[in-house]
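Here's a quick briefing to read alongside the model. Have the viewer open and we'll go from the whole chain down to a single residue.

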Amino acid sequence: MASFTFSKSSVMLLPLVLVTYLVAATSAGNFYQDIDVTWGDQRGKILNGGQLLTLSLDKFSGSGFQSKNEYLFARIDMQLKLVPDNSAGTVTTFYLSSQGPGHDEIDFEFLGNSSGNPYTVHTNVYAQGKGNKEQQFHLWFDPTAAFHTYSIVWNPQRIIFLVDNSPIRVFQNSEAIGVPFPKSQPMRVYSSLWNADDWATQGGRVKTDWTKAPFTASYRNYNANGCVKSSAGSSCASGNSVNDQAWQTQELDSAGRNRLRWVQSKFMIYNYCTDLKRFPQGLPVECKRRR
């Protein structure tokens, strides 16, 4: 898989009210150090000295974990190998989220399918409690056969979703035209494996086959590079070497834009920006911008 470089634009400083609460940090992929398994009654397991994590789902419960740190802007990379064979009804997630009724959220959700049919990669962005900005994709490979890298780049200008370093979606900061953008609420990294057979596969028509349980998804090579909420320390916005890292101002160069167009033309299966039935009074204002 080819990789793509990214150009830089001017740095936008973090809101001053948060400056004293942010320090730069990079997590280098040991699950014991970086995450907490938060639910599932032993269905989430850290293995191989912290280098591998598995989540399992059976008819009684799924499982999940969250990062120890909260971030306000970051690049988060995770390698996943999804539930193989008949995964219908299951949802495996990797996302960023704050808490509360007006929460922000940046989603990767992987909707399982019956054997021989492709996973659906569901993406969404919430700001101030409002989402409804879904784009969905199939993949150009079997995500159950090997580990692949899924990345979220979140900076003040944009959010970039990447698969094996190929951009599949860019959500621009369009606050200038009245579109909320997640920029003031620190978010943790979350992952989970759970049953959603009321909607996940073909609108709920295909149910989970519990004779195939337990279902297992695997995670490795977690890397979080971002601004961590802290009670003391310096801001990522000034005086720290992390400011020189590309994720802070990352945007697509010409090769990245070409790759994005290829992915969206070949593998996108739903785009809220083209759903006129859903928005009969007119598409959301950000959809009129070049994406």
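Among contacts in the chain between residues at least 6 apart in sequence, what percentage join residues at least 24 apart? It comes out at 70%. Bear in mind that this is a predicted model.

**The chain overall**
- On the secondary-structure side, you'll find two helices and 17 strands in the chain.
- The chain has 291 residues, and 54% of them are buried.

- The pocket is lined by 16 residues, and the closest to its centre are Asn117, Pro118, Tyr119, Asp142 and Thr144.
- Sorted by class, the lining of the second largest pocket splits into seven nonpolar, seven polar and two charged residues.

**A look at threonine 93**
- To find threonine 93, go to strand β7, which covers residues 90-97.
- Is threonine 93 buried or exposed? Threonine 93 counts as buried because its relative accessible area is 2%, and the cut-off for buried is under 20%.
- Setting aside neighbours within four places in sequence, threonine 93 touches Phe108 and Glu109, along with Tyr190, Ser191, Ser192, Trp194 and Tyr219.

Methods: Residues are numbered from 1 along each chain as its sequence is written. This is a predicted model: local features need pLDDT of at least 70, side-chain atom pairs count only at pLDDT 80 or more; totals for chains, interfaces and linings use all residues. Side-chain values use heavy atoms; hydrogens and water are left out. On a 1 Å grid over the protein atoms alone, a cavity is a set of points where a 1.4 Å probe fits but cannot get out, and a pocket is an open set with protein on both sides within 12 Å along at least five of seven lines; lining residues have an atom within 4 Å of a point. Ala, Val, Leu, Ile, Met, Phe, Trp, Tyr, Cys and Pro count as nonpolar, Asp, Glu, Lys and Arg as charged, and the others, Gly among them, as polar. Helices (H or I, at least four residues) and strands (E, at least two) are DSSP runs, numbered from the N terminus. Buried means under 20% relative accessible area, exposed over 50%, partly exposed in between (1.4 Å probe, protein chains only). Contact means heavy atoms within 4.5 Å.
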